[in-house]
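Student: I have a chain open on the screen and would like to go through its fold and a few of its residues. Can we take it step by step?

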Amino acid sequence: MALFDASKRLIIPLEADEILVGRHGSADIRFADMSVSRYHAILYVSNGVWSIVDLGSKSGTFVNGRRIRSQVRLKDQDEIQFGNKRVVIRQRRRKQNV
């Protein structure tokens, strides 16, 4: 899976089992937007299924427009919003040998 940031036309591969999202320099995925908390949310995979948990951020984490209050399972094409920052989680396409 990967996150797609349409505003920057950027693909962010999800290459670890647990990924910290935030504004802090130690975050695995960093967004400079001030609406994103230093330690905003955790993305993690278990048995091939990605989930997200908000870490008590001030501006909240949203999945498909709904603020999450607990762990939420993610699926292909879900929109995730960290504060004002929006990304879409997508299944990564495999390159085919021609």
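Tutor: What follows is a set of questions and answers on this predicted model.

Student: How many helices and how many strands does the protein chain have?

Tutor: The model is predicted, and the elements come in the order β-β-β-β-β-β-β-β-β-β-β from the N terminus on. The count for the protein chain is therefore zero helices and eleven strands.

Student: What is the radius of gyration of the protein chain, and how does it stand against the globule rule?

Tutor: The C-alpha atoms fill a box of roughly 50 × 30 × 25 Å along the principal axes. For 98 residues the globule rule gives 13 Å, and the chain comes close to that, so it is as compact as a globular protein of that length. The radius of gyration is 13 Å.

Student: What share of the residues of the protein chain counts as buried?

Tutor: The chain exposes about 6600 Å², and carbon and sulfur atoms supply 44% of that area. A residue counts as buried under 20% relative accessible area. Of the 98 residues, the buried share is 42%.

Student: Which residue in S2 stands opposite Phe4?

Tutor: Strand S1 covers residues 2–5 and pairs with S2 in the antiparallel sense over four bridges. For Phe4, the residue opposite in S2 is Ile11.

Student: Which residue takes a positive phi in the hairpin of S1 and S2?

Tutor: Most residues other than glycine have a negative phi. This hairpin has four residues between the strands, and a positive phi near 50° is found there. The residue is Arg9.

Student: How many bridges join S5 to S6?

Tutor: Strand S5 (41–46) and strand S6 (49–54) run antiparallel. Within this pairing, Ala41 stands opposite Asp54. S5 also runs antiparallel to strand S3 (residues 18–22), with four bridges between them, and there Ile19 has Leu43 as its bridge partner. Between S5 and S6 the number of bridges is six.

Student: Is Asn47 buried or exposed?

Tutor: Asn47 lies in the loop between S5 and S6, a hairpin with two residues between the strands. It has a positive phi of about 55° although it is not a glycine. Its relative accessibility is 79%, and the cut-off for exposed is over 50%, so Asn47 counts as exposed.

Student: How does Gln77 count by relative accessibility: buried, partly exposed or exposed?

Tutor: Gln77 lies in the loop between strand S9 (72–73) and strand S10 (79–82). Phi of Gln77 is near 80°, a positive value in a residue other than glycine. Its relative accessibility is 47%, between the 20% and 50% cut-offs, so Gln77 counts as partly exposed.

Student: What is the length of the polar contact that joins the side chains of Tyr44 and Gln71?

Tutor: Tyr44 is in strand S5. Leaving out residues up to four places away in sequence, Tyr44 touches Asp17, Glu18, Val49, Trp50, Ser51, Val53 and Gln71. The side chains of Tyr44 and Gln71 are joined by a polar contact of 2.7 Å.

Student: What distance separates the C-alpha atoms of Tyr44 and Glu18?

Tutor: Glu18 is among the residues that Tyr44 touches. The two are 26 residues apart along the chain. Across the chain, residues 24 or more positions apart account for 33% of the contacts with a separation of 6 or more. For Tyr44 and Glu18, the C-alpha separation is 4.2 Å.

Student: Is Ser37 buried or exposed?

Tutor: Ser37 lies in the loop between strand S4 (29–30) and S5. Not counting residues up to four places away in sequence, Ser37 touches Gly22, Arg23, Ser57 and Lys58. Its relative accessibility is 16%, under the 20% cut-off, so Ser37 counts as buried.

Key:
Residues numbered from 1 in each chain as written. Predicted model: local features only at pLDDT ≥ 70, side-chain atom pairs only at ≥ 80, totals over all residues. Heavy atoms only, no water. Pairing = 2+ DSSP bridges. Buried < 20%, exposed > 50% of the residue type's maximum accessible area, 1.4 Å probe, protein only. Contact = heavy atoms within 4.5 Å. Polar contact = N/O pair within 3.5 Å; in protein donor to acceptor, adjacent residues only side chain to side chain. Rg over C-alpha atoms; globule rule 2.2 N^0.38 Å. Areas by Shrake-Rupley, 256 points an atom, 1.4 Å probe, with all protein chains shown as cover.
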